[in-house]
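Student: Please take me closely through one part of this model, residue by residue. I would like a connected account that starts from a single side chain and its surroundings.

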Amino acid sequence: MAKLASELAKTPRKSVLLNMKNDPKITIDIPQCSKGHSSSDKSQLKNNDKSEFLSTAPRGLRKRLIVPRSHSDSESEYSASNSEDDEGVAQEYEEDTNEDILSQKIQAQNREVSAPVFRETPSKKMKREKTSHLVEKYFEAHSSSKVLTSDRTLQKLKRAKLDQQTLHNLLSKVSPSFSAELKQLNQQHEQLFHKWMLQLHLGFNIVLYGLGSKRDLLERFRTTMLQDCIHIVINGFFPGISVKSVLNSVTEVLDHVGTFRSVLDQLEWITNKFKEDSSLELFLLIHNLDSQMLRGDKSQQIIGQLSSLRNIYLIASIDHLNAPLMWDHAKQSLYNWLWYETTTYSHYTEETSYENSLLVKQSGSLPLSSLIHVLRSLTPNARGIFRLLIKYQLDNQDNPSYIGLCFQDFYQQCREAFLVNSDLTLRAQLTEFRDHKLIRTKKGTDGVEYLLIPVDNGILTDFLENEEEEL
Amino acid sequence: MATSSVSKGCFVFKPNFKKRKISVPIEDYFNKGKNASEDSKLRFETYQLIWQQMKSETERLQEELNKNLFDSLVEFLQTSHSGLWKNSKDWSCEIKLREIPTAALVLGVNVTDHDLTLRSLTEVLQNNVTPYVVSLQAKDCPDMKHFLQKLVSQLMDCKVDVQSKEKESVQVIQKNVHYSMDSLSAWYMSVTQKTDPKMPRKKRTSSSQWQSPPVVLILKDMESFTTKVLQDFIIISSQHLHEFPLILIFGIATSPVVIHRLLPHAVSSLLCIELFQSLSCKEHLTTVLDKLLLTTQFPFKLSEKVLQILTNIFLYHDFSIQNFIKGLQLSLLEHFYSQPLSVLCCNLPEAKRRIRFLSANQCENIRRLPSFRRYVEKQSSEKQVTLLTSDKFLKEETQSLLENLHVYHKNYFLVLRCLHQFTSSLPKYPLGRQIRELYCMCLEKSIWDSEEYASVLQLLRLLAKDELMAMLQNCFKLFQSSSGKELGNTAKRIEEFLAQFQSLDAETKEEEDTSQSQSKGLQKTDLYHLQKSLLEMKELRSTSKRQTKFEVLREQVVSFVDSLVREYLLPPDTQPLHETLYFSSAHTLRQHLNAAPRIALHTALNNPYYYLKNEALRSEEGCIPNVAPDICIAYKLHLECSRLINLVDWSEAFATVVTAAEKMDANSVTSEERNEIIHARFIRAVSELELLGFIKPTKQKTDHVARLTWGGC
């Protein structure tokens, strides 16, 4: 990766990649850029990279020497016939969703004005080659259980996890690039608003896909077109969303008081209501229909049934790579989708802000300070018990099948360390830990209780170091 | 933003003024999109008219096609229970009484069409057999309780339309009663006794002949029901069968074997199953195409590519007629929406009337049509000038051209069907077995230039007489049934051919006679002479073969067919003004019906120049400029990795690329802060990639993420 990075860094506008590719003896040189690190840090980094690449380089090189070659070949083969009009576009239909990236790209690139020409025979031949190629790639990626990556961790990088606010502040300093182009892109999409309204009224529902947050676009659609209509906006990315809340807001529109016994009852009531009163119209705007909370089969079924009502108009956006897999044929016919590609390149600020991101500090887990704070208020014995558990967990941190410390073993250890005298006292202590969310208990497959500290190992190590310093 | 909050995810917007305010008519959306384009109102009305016609036509077709199936089903249902009630003392009937009559309805894999079929089946049954028809879906019945609950509530509903007075009491029951088969049969008894005297008045003639109409339960998607629920229900209801005459209808998408796979023998022996097969969806498609597109009834036509896409979606994706119709609707809409001259896409007299009122702008539109320009170029120079300058003359000319176009279609479909008669039974089907394949080929180009057509002619030249005559007969019927004047001659020609073939019969008999007599004369010779004379005869025959009258006639028929094809099956794009009737934007259709979100994502990430037309982003294949959006760079880097990705390495690499890009910009901020910012950007890109589903966090190794796709670079 570092190599590619350096290549990319070196090639601001033009590609030197092709030349570089032919030269298998590229040395790894990271441009003098990371001034933020101390120089020792940097050299260590370099060494690390080197050793890593010694092991992986042959394969990586081979791959990059071969793959792009065939790639560009096929590209030229297609682009030669590009200039002709869009004939035989349909041939590509046989291709399934598990499409090879090559042809994906080709198709997509040609989408704009001139659709690609796929002659029957070459396309079939190509496809066979491609599929076998694809299969190989899958097994290449999944063949060995060992994956060679470096062992460096963010901990060593001394770069603290940022919280949401600082992240936001930092990002606000970045000046947006390509704003003119992005604006143009957005304007193109906005021209479709009238068409969307028309098609929604004619019984279709609309789904937007493509890279970039479509929230702003839908919001603009809402403010320009839907001001006089009853409409509901649903943030699918909101972690607490559920079908129930969607249905509740629909019933709220219909001025229903009272409750329903089940979601199905509620759906039935809504259906009847809308069938009775044909003058009723409702627009549903769903951001991220494919979100974690709504992607379930049942949720999709219910939303699909809602959208199949004649006077409910649904316009939704999807982002996930595999989102279309949510829908089988039955659901698709319920939804009656018309697909619109709206690539916006906008950042998914709102969508990713609900603290489920990888590198962002999660306030739900225990940061070091609160850990120390809680532990200080406990008795020395209780602290000892907890330290035992931490040590045990850290000893086992490389064991991937580690599920926790069995209660009986724990009790034994505590007894040996003179920390408790009966398992009742231990249990009393554990209850206290649990109340502070310091431990989690889990029943194993054998029915025995296992204890686990739901805190990152790095934090635990820090904590232990901290403790030792104090002592 | 009004729609973001940390505490709720749904936002209701209800305009506070009276909501019954006149809503914006749909037509407004139709014209505003294309800024004040021509005749939009008229076009929208035409669209709605044609669509309504098409829709009702498809519904009629559906009904017609299902008629056979429904008739046999109705018959089955009527006979299944009537026997039981008459002589229930019989021992064999006692056994039969334990068996639930069951119709296994094999509907095929096009699940999306089932709903429509079953809905019309319910209607038919309610009209002909019994008011008590209930249909259940697997998703409503996760367990026995819900199953019975649904069954009971729907049954009550069925009854409600018979006696609406009892509605209130029904609802009370619905809430309180513990659902059981006992209560159900008790309810049934009370209802049948009560309604019996009323039945005749309700004019349910067929159902009133029994004192107790059966209860029909349709299980829409039999395969997806839980086995246990089905088993329990069948066992219980078979116990109650004598007081609760139940009939089951299983909707099956796969094959009837599935019944035995779902139900053990002990349960399936309680069923008396009869199998029904619905019409295959391919035949259905053929009929739909036949009645909607291969006809002059609807002026709207599809171009070859569009038709190809629609049939391919049908054949390779879902076998769903409904989706096909949806595609048709969309193409109709797109046609009227995007083509200003589609206003002429209506029946001929109306179109002629509309031509007279065309605006100057629309006249310009006509002149701009490629097909019209080609037409103009062929005219004499004076006519060219008048066509291009005088609107009045143009309108007259357009009228006659449009009329020609309609005549062209009339002949086209006749000849197409005729050609299909000839080609559909040839070995290996060089021009396809279905008429839609032939139609596609003819739409695409001049069919006589294709190799397949040549081979068809060759094969036709080898046909035997009876085959040829059968084909001619069929064609004759085709031409006769049409009222067209132009092709009236053709019918006559075919008739003549037929007559000639018949007269051939007599002659060939004579020939056979003579040859037989010849062979008789050879009998008394020795072997050598026999061989010799046989050889001679063979030579004689092979030379004379060309001259048989049948072959001459066959040749004539073939060349006659050929001339018909060449005259009438011209591809539509040779016709002036074809753009008014043909929808050809296959690309739009494909984009909206059969989109490829993964491809779009990959393109956006891998080749941002495709979307953002900035020269800085232009790059060669397989490489990405370092000024590209962050997420593209992160994506590109992650393609290098195999299953797991080290976040630290990734972030270093990202920083390397991005810093290199920034160096060219102003070096204003301090390096520490810049690094912070770059890290933040990296975090953002990674979490966006996670949202898109390219990576996910993993516990396999610290600070690693797992890649969810493979390949790449």
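Tutor: Gladly! Let us start with B:Thr398, which is in contact (heavy atoms within 4.5 Å) with B:Ile355, B:Ile366 and B:Leu577 once its neighbours within four places in sequence are left aside. Do keep in mind that this is a predicted model, where local features need pLDDT of at least 70, side-chain atom pairs count only at pLDDT 80 or more, and totals for chains, interfaces and linings use all residues. Residues are numbered from 1 along each chain as its sequence is written, chains are lettered from A and ligands numbered from 1 in the order in which they are written, and side-chain values use heavy atoms, with hydrogens and water left out.

B:Thr398 belongs to helix α18 of chain B, residues 391-423; helices here are DSSP runs of H or I with at least four residues, strands are E runs of at least two, and both are numbered from the N terminus. With a relative accessible area of 0%, B:Thr398 is buried. That word means under 20% relative accessible area, while exposed means over 50% and partly exposed lies in between, using a 1.4 Å probe and protein chains only.

Another buried residue of chain B is B:Ser238, at 1% relative accessible area, and its place is in helix α8, residues 227-239. A polar atom of the B:Ser238 side chain lies 2.9 Å from the backbone oxygen of B:Ile235. Beyond four places in sequence, B:Ser238 touches B:Arg98, B:Ile100 and B:Leu270.

Now to the rings. Rings of Phe, Tyr and Trp (its six-membered ring) pair if their centres lie within 6.5 Å, with planes under 30 degrees apart counted as stacked, over 60 as edge-to-face and the rest as tilted. Over all chains, this rule gives 35 aromatic pairs. One of them joins A:Phe193 and A:Trp196, a tilted pair with 5.4 Å from centre to centre and 45 degrees between the planes. About one helical turn separates these two, because they are three residues apart in helix α8 (residues 193-201) of chain A. A:Phe193 is buried at 5%, and A:Trp196 is buried at 0%. A:Trp196 also pairs with A:Phe221: the centres are 5.6 Å apart and the planes at 70 degrees, so this pair is edge-to-face. Since A:Trp196 lies in helix α8 and A:Phe221 in helix α9 (residues 215-225) of chain A, the pair ties together parts 25 residues apart in sequence. A:Phe221 counts as buried too, at 0% relative accessibility.

Elsewhere in chain A, ring pairs link A:Tyr209, A:Trp327, A:Tyr335, A:Trp337 and A:Trp339 into a cluster.

Charges meet rings as well; the rule asks for NZ of Lys or CZ of Arg within 6 Å of the ring centre and within 35 degrees of the ring normal. A:Arg222 lies over the face of B:Phe13, 4.0 Å from the ring centre. In chain B, the charged end of B:Lys613 sits over the ring of B:Tyr609, 5.2 Å from its centre.

Conventions
A polar contact is a pair of N or O atoms within 3.5 Å; within protein, one must be able to donate a hydrogen and the other to accept it, and residues adjacent in sequence count only if both atoms are side-chain atoms.
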